[in-house]
Amino acid sequence: MNVTAIQPDHRPDSLSALDEPIVQEFESKLQLIRDRVLSVVEGYQSGVYLVGRPGTSKTFTVKEELERLGKPWILANARMTPWGLFCFLADHPEHVVVLDDITSLFKNSQAMQVFLAALDGQPGEPRLVTYKSKDKNERIWFSGAVIAISNIPLRCDPLARALGSRIVVLEHEPSDEDVVAFMKHLATQGFMDLSSDECLEVAEFLIAETRAMDQRLDLRHLTKAWQDYRQTTHGNALTIWQDLVRSSLQKQVTEPVSITTKKEEIEVQRQLVRELMEKFPDDRHSQLAEWPHSQSLFYLRRKEVTATNRAA
C-alpha cells in the first residue's frame with residue numbers, strides 16, 4: 001500500500017531548540033526514578049512508592065534500571081491478596097520486589113500491616129514479618145526492598161501515613177508539554193525498520209489526534225501507533241495507518257454501573273458478601289482480604305445475608 005509521507009518542508013518543527021530544555025527536564029524526571037531504584041538496590045532505602053499518570057515511562061524506567069544494575073528482582077502485577085503478599089515476600093526475602101499497579105493491596109489494612117513490618121527497620125537488614133490468623137501462624141525475615149508503581153496516590157489514613165514514613169514516596173507527573181517533546185525526541189531515534197522521519201510523522205499525527213479527542217498523551221500509544229504504521233507499510237492492512245491509530249485511541253464505551261439509592265448500595269454489598277462466602281466457604285480471613293470496606297460492615301452484611309438465607 002502506498003502511504004504518502006508529509007514532505008519535510010511542510011512538516012512543523014519536530015524537535016526544535018525550544019524542545020530541547022523540555023526533553024532535558026523530562027529526562028531529569030526519569031533520572032530521579034533511576035536514582036530511587038538505585039537507592040533501594042544499594043540499601044539506602046527500604047522502599048519506594050512511585051505514583052503518577054499512566055503512560056509516562058514509570059514501569060519501563062524502573063525495569064530498565066533494575067536490569068542495568070543486575071541485582072535480583074522480581075515483578076508482580078494484577079491481583080494479590082494480603083496472604084499472597086506475605087508468601088511472595090517469603091519466596092523472595094532478599095529481592096527487590098516490584099509491585100506494578102496492584103492498588104488493591106494499598107487499600108487493604110491487612111496488606112498494609114504486612115508492608116509496615118516488611119519495610120520497618122534498617123534497609124538491607126532482616127526485618128521480622130509475622131502473619132497470624134485462625135489457621136496460620138507464620139513468620140519470615142525479609143531483608144529485600146519494595147518498589148510499588150501506581151497511578152493512584154496513597155490514601156490519607158493512619159496506615160498509609162505510617163507506610164509513607166518508612167519509604168520514599170515519589171510523584172512522577174510530567175506535563176503534556178513534557179510528553180510531547182519526549183515523544184518527538186524518541187521519534188528522532190527511529191523505531192525498528194522505520195526512519196526518524198516516518199516516526200516523527202506518526203508521532204505528530206498521534207499528538208494531534210490525542211488532543212482532538214481530549215485525551216492525555218500516553219507514551220504507550222506511541223509504540224502502538226508506530227506498529228500500526230509498520231503493519232500498513234508492510235502491506236498487512238487494508239486500513240490506512242491513520243485510521244488504525246484513531247481506532248486505538250477511541251475510548252472504550254461501557255455502560256456504567258449506577259447506584260442511585262442507599263438501598264441499592266446495600267444490596268450490592270450483600271451480593272459481594274454472598275460471592276465471597278461461596279468463593280471462600282470456610283476461610284473468613286480470605287473473605288475479609290477481598291472485602292473493600294470496613295470489617296464491621298462485612299460482619300453486618302454477612303449477618304443480614306445469613307438471616308435471609310435462613311428465612312428462605
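Residues are called buried under 20% relative accessible area, exposed over 50% and partly exposed in between, using a 1.4 Å probe and protein chains only.

## Model and cysteines

This is a predicted model, in which local features need pLDDT of at least 70 and side-chain atom pairs count only at pLDDT 80 or more, while totals for chains, interfaces and linings use all residues. Residues are numbered from 1 along each chain as its sequence is written, and side-chain values use heavy atoms, with hydrogens and water left out.

With a relative accessibility of 71%, Cys 156 counts as exposed, whereas Cys 87, at a relative accessible area of 25%, is partly exposed. The structure holds zero disulfides, a disulfide being a pair of cysteine sulfur atoms within 2.5 Å.

## Helix α7

Helices here are DSSP runs (H or I, at least four residues), as strands are (E, at least two), and they are numbered from the N terminus. Helix α7 covers residues 196–212, and its 17 residues reach 24 Å from the first C-alpha to the last, close to the 24 Å expected, where the expected span is 1.5 Å times one less than the number of residues. Just after α7, Asp 214 takes a positive phi of about 60°.

The buried residues of α7 include Cys 199, Leu 200, Val 202, Phe 205, Leu 206 and Ile 207, and among them are also Glu 201, Glu 204 and Glu 209. The buried residues of this helix pack against α6 (176–187), α8 (219–233) and α9 (241–249), with contact taken as heavy atoms within 4.5 Å.

## Nonpolar cores

A nonpolar core is a set of buried Ala, Val, Leu, Ile, Met, Phe, Trp, Tyr and Cys residues joined through side-chain atoms within 4.5 Å. The largest one has 41 residues, of which Val 37, Val 62, Ile 147, Met 183 and Trp 226 touch the most other members. The largest share of this core, seven residues, comes from α7.

Leaving aside residues up to four places away in sequence, Val 37 touches Val 62, Glu 65, Leu 66, Leu 69 and Ile 147. A second, separate core of 29 residues includes Val 97, Leu 99, Ala 148 and Ile 167.

## Salt bridges

A search of the whole structure finds 18 salt bridges, each being a side-chain nitrogen of Lys or Arg within 4 Å of a carboxyl oxygen of Asp or Glu. One of them joins the side chains of Arg 68 and Glu 65, at 2.7 Å from N to O. Both residues lie in helix α2 (residues 58–69), three residues apart, which is about one turn of the helix. An α-helix has 3.6 residues a turn, so residues three or four places apart point the same way. Even so, Arg 68 counts as exposed because its relative accessibility is 56%, while Glu 65 counts as buried because its relative accessibility is 6%.

In another salt bridge, the closest N and O atoms of Glu 304 and Arg 270 are 2.9 Å apart. This pair links distant parts of the chain, with Glu 304 in helix α12 (residues 295–311) and Arg 270 in helix α10 (residues 262–279), 34 residues apart. Glu 304 is partly exposed at 21% relative accessible area, and Arg 270 is partly exposed at 26%. Salt bridges that share partners join Glu 267, Arg 270, Arg 274, Arg 301 and Glu 304 into one network.
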